[in-house]
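Please open the model in your viewer and keep the selection panel at hand. The stops below each begin with something to select and then say what is found there.

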Amino acid sequence: SRAFEKIAARSGFRFLGNVEVGRDVTHEELDALYDAVIYAVGSQTDRRLGIPGEDLPGSWAATELVAWYNGHPDYQQLELDLSHERAVVIGNGNVALDVARMLVLTQGELAPTDTTDSAIAAIVGCGIREIVVLGRRGPVQAAWTSTELAELGELEGADVAVDPTELELDPESAAELAGASNVVQRNVEILREYSLRPPAGKPRRIVLRFRTSPVAILGEERVEGVEVVRNHLEPDGRGSVRAVPTEEREVISCGLVFRSVGYRGIGVPGVPFDEANGVIANVGGRVVDDGEAVPGIYCAGWIKRGPTGVIGTNKKDATETVALLLEDARAGRLPHRDGGTLDELLDARGVEVVLYDGWERIDAVERGQGQAQGRPRVKLCSWDELLAAARS
């Protein structure tokens, strides 16, 4: 956040909050106002599992839960029933671990955080006693980071359970592990430590399972269980393995399912979009339409290359896009616009724009409320509260 604050203080930078492309201004209008536009809008929705029962009550996208406990105004009315004893989390990335970890935190662990008060009360008082985390491939292919994985072993109120047989590696996975990054090797070490750790008798537990895929979410009027299939791992021809279902199936009884199998980009109206890959159509960051570069339109980050990688990956990716923009500027390929300003357009439409100093006022209010409670911040959880603080 400090890096962003430094950028925001630089001459030439402006922040226009509470402005949505497609709602308050169109792509065509931005294109007519600016010599160049870069879309860095990320992947804003979850990938679907594509299995029966996915939309039953009690089946949630993991990002919905994360938005709820983080105070996103659009998600404060979710009716999350956390009274059930078992929840299943589908996915082997950091968000899946975040979901499992959050749902077993104690009052003492949650109190000093900026989790919303309503979420803290719901999590502390929930009926969940076991969370089963499912990965379709093996422990070597799990996408989480070592820090996230290690944090599970430090939880006050939950044991971590890993069956040692889950860590038996097929030859291809063993070869992949031998040449893998330090992160992957450390992940497997941590999992082996968990498999040898006797339960401490904590009130809740997190079970990590591998080579298991859901084939159906079961229930009549709400989630009652997940039917899963055991997978066999086979070489994928690219140095890793792919999951191939076997005939071995079972049903895991549960009342909640959280789906965390990745993200997918949403198209910006008027901008060429690659539906098959869920990204803006581009070559290296230059937006293309039928293979031809669209002058002055660019993209960066997950909406450019898909939902993989973290902040460091996106920094490198942004550098590539900006290098192309500057190359086009030097070559005279950027259109020159001179037809009014975005401020005039938004003002004429009555859009309440939150500038950067408005965000700083929101930040000050939240931090001030948190300071009194020994917390980093207490979040404002409605649009009315946020806009009122920005005006104050």
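Predicted model: local features only at pLDDT ≥ 70, side-chain atom pairs only at ≥ 80, totals over all residues.

Begin by selecting strand S4 (residues 86-90): four of its five residues are buried, so the strand is largely enclosed by the rest of the structure. Here buried means under 20% relative accessible area, exposed means over 50%, and partly exposed covers what lies in between, with a 1.4 Å probe and protein chains only. Residues are numbered from 1 along each chain as its sequence is written, and side-chain values use heavy atoms, with hydrogens and water left out.

Two strands are taken to pair if DSSP finds at least two bridges between them.

Now widen the selection to the sheet around S4. It is an open sheet of six strands in the order S3-S11-S4-S5-S7-S6, with parallel pairing. Strand S3 (59-61) and strand S6 (158-161) stand at the edges with a single partner strand each, so one side of each is left without a neighbour in the sheet. On average, neighbouring strands of this sheet are turned by 20° against each other, direction ignored; the axes are lines fitted to C-alpha atoms, for helices over the stretch in contact, and angles run from 0 to 180 degrees between N-to-C directions.

Next, select the other sheet on this tour. Three strands form an open sheet in the order S8-S9-S10, and the pairing is antiparallel. Its edge strands are S8 and strand S10 (241-253), each of which pairs on one side only, and the twist averages 25° from one strand to the next. S8 and strand S9 (residues 225-235) run antiparallel and are joined by six bridges; Ala-216 has Glu-227 in S9 as its bridge partner.

From there, pick Val-223, which is found in the loop between S8 and S9. Val-223 is buried, with a relative accessible area of 2%.

Then turn to the aromatic rings. The structure holds four aromatic pairs, where rings of Phe, Tyr and Trp (its six-membered ring) pair if their centres lie within 6.5 Å, and planes under 30 degrees apart count as stacked, over 60 as edge-to-face and the rest as tilted. The rings of Phe-13 and Tyr-356 have centres 6.4 Å apart and planes at 90°, so this pair is edge-to-face. Phe-13 lies in the loop between helix H1 (2-8) and helix H2 (27-33) and Tyr-356 in helix H13 (residues 356-371), so the pair ties together parts that are 343 residues apart in sequence. Phe-13 counts as partly exposed at 35% relative accessibility, whereas Tyr-356 is buried at 19%. The rings of Phe-15 and Tyr-356, with centres 6.2 Å apart and planes at 85°, are also edge-to-face.

Finally, select Asn-92, Gly-93, Ala-143, Val-261 and Gly-262, which lie nearest the centre of the second largest pocket among its 42 lining residues. Helix H4 (94-102), helix H9 (182-196), strand S8 (212-218) and helix H11 (311-330) are the elements that give two or more residues to this lining. By class, the lining has 19 nonpolar, 18 polar and five charged residues; Ala, Val, Leu, Ile, Met, Phe, Trp, Tyr, Cys and Pro count as nonpolar, Asp, Glu, Lys and Arg as charged, and the others, Gly among them, as polar. A pocket is, on a 1 Å grid over the protein atoms alone, an open set of points where a 1.4 Å probe fits, with protein on both sides within 12 Å along at least five of seven lines, and lining residues have an atom within 4 Å of a point.
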